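This report describes one protein model for a reader who is new to structural analysis. Please examine the sequence and the structure shown here before reading on.

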Amino acid sequence: MTDTVFCYSCRKHHARDEVTLVQSKGVKRWRCLKSIAESRKSRDQRDLFGKETTALNQAIHRRQSAHSLPRPVLELFGTLRGSAPPRIEGSM
Ligand SMILES: [Zn+2]
């Protein structure tokens with residue numbers, strides 16, 4: 001029962017081989033690998049969400065700026081879009 005380390009993340013004692021020393025705000029503390037993996041996972045999900053939000057914002061911005069363009073330019077855009085080859089999806 002001596003070879004345990006207090007994990008500051010889940011405030012529990014873990015076996016020595018389940019924890020690693022991490023530096024947080026200049027202080028070295030023990031943290032278990034499980035909590036590190038979980039925080040990394042949630043950060044990836046946040047990143048993904050952020051990218052989706054950025055793409056959505058860009059799409060909205062493009063749409064808004066297209067509306068503000070003079071009509072001949074809009075017609076040109078429509079022509080360009082119409083001449084584009086149709087996308088074939090799921091052909092494989
Ligand atoms: Zn822990």
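Thr20 has Arg31 of β4 as its bridge partner. Strand β3 (residues 19-24) and strand β4 (residues 27-32) pair in the antiparallel sense, over six bridges; two strands count as paired if DSSP finds at least two bridges between them. The two strands form a hairpin with two residues between them.

## Basis of the model

The model is predicted: local features need pLDDT of at least 70, side-chain atom pairs count only at pLDDT 80 or more, and totals for chains, interfaces and linings use all residues. Residues are numbered from 1 along each chain as its sequence is written.

## Overall organisation

The protein contains two helices and four strands, in the order β-β-β-β-α-α from the N terminus. Helices (H or I, at least four residues) and strands (E, at least two) are DSSP runs, numbered from the N terminus.

Of the 92 residues in the protein, 4% are buried. A residue is buried if 20 or more other C-beta atoms lie within 10 Å of its own, exposed if 12 or fewer, and partly exposed in between, with C-beta atoms placed from the backbone.

## Two residues with positive phi

Most residues other than glycine have a negative phi. Arg11, however, has a positive phi near 55° and lies in the loop between β1 (4-7) and β2 (12-15). Arg11 is exposed, with 7 other C-beta atoms within 10 Å.

Lys25, in the loop between β3 and β4, is likewise not a glycine and has a positive phi of about 55°. Lys25 counts as exposed because it has 5 C-beta neighbours inside 10 Å.
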